[in-house]
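Hi,

Here is the structure I promised to pass on. Have a look at it first, and then read my notes below.

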Amino acid sequence: MNILLLGANGQIGWELQRSLVLLGQVKACDRHAADLENLDGLRKLVRDYCPNVIVNAAAYTAVDRAESEPAKAHLINAKAVKLLAVEAKKLDAWLVHYSTDYIFDGTKKCAYTETDKPNPQSVYGKTKLQGEQAIEVSGCMYLIFRTSWVYATRGKNFVTTIIRLAKEHNEVKVVSDQIGAPTSAELIADLTALCLYQITCKKNSVPDATGIYHLTPEGKTSWHEFAQFVITESLRLGATFLAGPDNVVPIRTSEYPLPAKRPSNSLLDAQKLRNTFNVYMPPWQTHVKRLITEIHTQQII
């Protein structure tokens, strides 16, 4: 099986390089090898390689900057995705794509399901929804994984930011009125590979897998509680900080205004994924602890 991986050096893409190699030959492309702003080049890449599976881990993810760069966000998150879907249909290939909780407005009182009506409140959320819709109407075979609060050892994310801030400041202010489930790039990559294995190598196990799935771990937390957990676990492993967990100060979203509106509720119900592929979703703390241990071992803290 030939797999074309786009966005190979991003948080999710980096982990996918590890997980997908067990399924077949992987052509891993970073933004230079696969520029989603160059549609002609992207089309040529797909046609030249003729993959059985396209895994698109590339995206415009600068949520706030998207408010001032809507055309660029739309090109990468919608137009390029539409091209991939059209080419996947022509090749009879599977397309795996990653989406976001930002396609919802965040006003629901409980976790969002795949059938809830989207209502994005930001340019980023709107373009990601447009990408989803382009895939759905293309007629290709696809897996769209919506996820949220993604973190990894690689790249800029909440965990690495909190560790840095706790080392540099006596006090860290963190929003407390947004809830979600922190999702490890490692978990996303492993579940992607597991789902692809079931639909490509064990074809009868999931006869009608095409669709949208929510991919987040079990449980919920706030950004404030998440920050406290990161610092507490780091201290347990011997890290030294200026700010301890008691020095993480809760603030309201309104006290930290940003260009793009954030969902107050980012919880995604992953029951469909669990039932369809017979997978177990661990508590969100499981992979956070693992990541912090990895960071500590590498003496990054």
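A word on the naming before anything else: helices (H or I, at least four residues) and strands (E, at least two) are DSSP runs, numbered from the N terminus. Residues are numbered from 1 along each chain as its sequence is written. Do keep in mind that this is a predicted model, where local features need pLDDT of at least 70 and side-chain atom pairs count only at pLDDT 80 or more, while totals for chains, interfaces and linings use all residues, and that side-chain values use heavy atoms, with hydrogens and water left out.

W149 lies in the loop between β5 (141-147) and β6, and its phi is positive, about 50°, although W149 is not a glycine. Most residues other than glycine have a negative phi. The other spot is D92, with phi near 55°, in the loop between α3 and β4 (94-100). Which of these is buried and which exposed? W149 counts as buried because its relative accessibility is 9%, whereas D92 is exposed at 59% (buried means under 20% relative accessible area, exposed over 50%, partly exposed in between, with a 1.4 Å probe and protein chains only).

Next, the pair α3 and α4. Their axes come within 8 Å and cross at roughly 15° (axes are lines fitted to C-alpha atoms, for helices over the stretch in contact, and angles run from 0 to 180 degrees between N-to-C directions). Residues of α3 including A73, N77 and V81 meet residues of α4, among them Y124, T127 and G131; contact here means heavy atoms within 4.5 Å. The residues of this contact divide into ten nonpolar, six polar and three charged (Ala, Val, Leu, Ile, Met, Phe, Trp, Tyr, Cys and Pro count as nonpolar, Asp, Glu, Lys and Arg as charged, and the others, Gly among them, as polar).

E132 is buried at 1% relative accessibility and touches S99, I103, I144, R146 and I212, leaving aside residues up to four places away in sequence.

Then there is helix α5 (residues 158-168), whose buried residues are F158, V159, T161, I162, I163 and A166. They pack against β6 (150-151), β7 (172-175), α7 (223-236) and α9 (284-297). At the start of α5, a side-chain oxygen of N157 comes within 3.1 Å of the backbone nitrogen of V159.

Finally, how do α7 and α9 lie relative to each other? Their axes come within 10 Å and cross at roughly 45°, so the helices are oblique. F226 and F229 are among the α7 residues in this contact, and W284 and V288 among those of α9. By class, the contact has six nonpolar, two polar and two charged residues.

Cheers

Definitions and conventions
Polar contact = N/O pair within 3.5 Å; in protein donor to acceptor, adjacent residues only side chain to side chain. Parallel < 35°, antiparallel > 145°, perpendicular 65-115°, else oblique.
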